[in-house]
Amino acid sequence: MDKIIVEGGVPLRGTVAVSGAKNAALPALAASLLAEGDHVLHNVPDLADVRTLGRILRHMGCVVERGEGRTVHLRVPAALNAEAPYDLVRTMRASVVVLGPLLARFGRARVSLPGGCAIGARPIDQHLKVLGAMGAEITIEHGYVEAKVPRGRLRGAEFVFDLQTVTGTENALMAAVLADGETVLRNCAREPEVADLAAALNGMGARIEGGGRAEIRVHGVSSLRPMRHAVISDRIEAGTLLVAGALTRGDVVVQGCEPDHMAALLEKLREAGAVLELVPGGLRVRGEGRPKPISLRTAPHPGFPTDMQAQMMVLAAVADGSSVITETIFENRYMHVLELRRLGAEITVDGKTALVKGVPRLSGAPVMASDLRASAALVLAGLDASGQTEVQRVYHLDRGYERLEEKLAPLGARIRRVSA
Ligand code: EPU
């Protein structure tokens, strides 16, 4: 198992490029199932989660190959094995995004139930409800979602989500594009990744209005053509790099990010005292002195993203004062707190709220990553801590960051990966 070793205390300086968004690439790859033929997807990050979905698509009978740069070529056959097995799904919950496209195109699907994960229970009831409203018959048998469409083809429906769910909205969209008639989805997730999926689907010939808004209308079409799409940039990776610049009191340009997708985060970085500036093709961040305390509450987009909560907590941990952080999306997303405390952070958690009393500096120690964003937070903490921080279980980090150490080292960070 790899680990990452960081010697803290170097202000980061220079320019770093952002990769494509994991959470946009995954549904786009799944959307290829909607059309037979040769698909081309650009700006796909080379990540463990992307490779997992590639394995699932291959298991079904697709050909998935990486081309030049960050391009992925997919060949989707006329008939395939509409099953996502437990061995693959259990390593990545997002595998559930194959359910909508399989039902839409083949009228049947067998997808392992994802189960809970480190950050919370994460049920998929909304996915199943919306597909049911479109005419799917769904049972859970032997740990699998067994779904079929008795009349062969899904039908358009009106549906209001009980809560905003990102992959739930994506599954509904991918199901509705090939359904008979019109679908109206309300209380949809408004994340930029949902809008990007809608754009990819429209490029295949789908008729979606309002992707990225709370109400989405889909006029079903009888077939789609293969996809040609470039995935948007990863706003969470960009945010993580911005925090790194601010935290180390550095001066970093993050190239290729989309500031419009990051408004709530940029607001909180400014509140923490970071100096942000739009530059051609990206954002420049400078950290001057100790961060200021912040108050933040995670919320569905355009609110503050839960996927940046752990990283912002590191900034709060060394702020000049006390910060209050409230996590409203996942019930168990504070596992980085215990590890940050090992580095000297003063954090107490009461239910959904963490009170973070800033200390002048963290002190390096061996720590253990528990989930993807928690690992990123621990690497950030190491960048600022005195002495050496050793982050173990880096496979969590590799699920969602393309070799983070190779992005930070050219900025001056003393960071290296050690393969066991
Ligand atoms: N929820 C339900 N029922 C459902 C679906 C969701 O109760 O049927 C609840 C969840 O348990 C959670 C909330 O609704 O409390 C929101 O979950 P959502 O469905 O939006 O999450 P997701 O689609 O499973 C995506 C990202 C996550 C990100 C969340 C929230 C992908 C592949 N994953 O997950 O990304 O945290 O949205 O923004 O898009 C990450 O990249 O580190 C990551 C965890």
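In the model, which is predicted, Asn187 is placed in the loop between strand S11 (182-186) and helix H7 (192-203); helices (H or I, at least four residues) and strands (E, at least two) are DSSP runs numbered from the N terminus. Although not a glycine, Asn187 has a positive phi of about 60°. With a relative accessibility of 26%, Asn187 counts as partly exposed, where buried denotes under 20% relative accessible area, exposed over 50%, and partly exposed the range in between (1.4 Å probe, protein chains only). A positive phi, of about 50°, is also found at His142, likewise not a glycine. His142 belongs to the loop between strand S8 (137-141) and strand S9 (144-148) and is exposed, at 79% relative accessible area.

Residues are numbered from 1 along each chain as its sequence is written, and side-chain values use heavy atoms, with hydrogens and water left out. Local features need pLDDT of at least 70 and side-chain atom pairs count only at pLDDT 80 or more, whereas totals for chains, interfaces and linings use all residues.

The loop between strand S18 (295-297) and H10 contains Pro302, which is joined to His301 by a cis peptide bond with omega of about 10°. Pro302 is exposed at 53% relative accessibility, and its C-alpha atom is separated by 9.9 Å from that of Asp260, 42 residues apart along the chain. Helix H10 (residues 309-317) is itself mostly covered, with nine of its nine residues buried. Within this helix, Gln309 has 0% relative accessibility and counts as buried. A polar side-chain atom of Gln309 lies 3.0 Å from the backbone oxygen of Arg333, a polar contact being a pair of N or O atoms within 3.5 Å; within protein, one must be able to donate a hydrogen and the other to accept it, and residues adjacent in sequence count only if both atoms are side-chain atoms.

Helix H12 (residues 372-384) is largely enclosed by the rest of the structure, because 13 of its 13 residues are buried. The N-terminal end of H12 is capped by Asp371, a side-chain oxygen of which lies 3.0 Å from the backbone nitrogen of Arg373. In strand S23 (residues 388-392), Glu390 is buried at 17% relative accessible area. The Glu390 side chain makes polar contacts with the side chains of Lys3 (3.2 Å) and Gln392 (3.2 Å).

The ligand is surrounded by 21 residues, the closest being Asp125, Thr165, Thr167, Asp307 and Ile329; a residue is near a molecule if one of its heavy atoms lies within 4 Å of it. Oxygen atoms of the ligand are placed 3.1 Å from a polar side-chain atom of Asn23, 2.8 Å from a polar backbone atom of Val166 and 2.6 Å from a backbone N or O atom of Ile329.

The second largest pocket holds about 200 Å³ of space. Its lining includes Asp46, Arg51, Arg70, Asp398, Tyr401 and Arg417. Helix H2 (48-60) and helix H14 (404-408) each supply at least two lining residues. Domain 1 (2-18 + 233-419) and domain 2 (22-230) both contribute to the lining, so the second largest pocket lies between them; the domain bounds come from an automatic or database domain assignment.

Methods
1 Å grid on protein atoms, 1.4 Å probe; cavity = no way out; pocket = protein on both sides within 12 Å on 5 of 7 lines; lining within 4 Å. Points joined across faces, edges and corners; volume = space filled by probe spheres on them.
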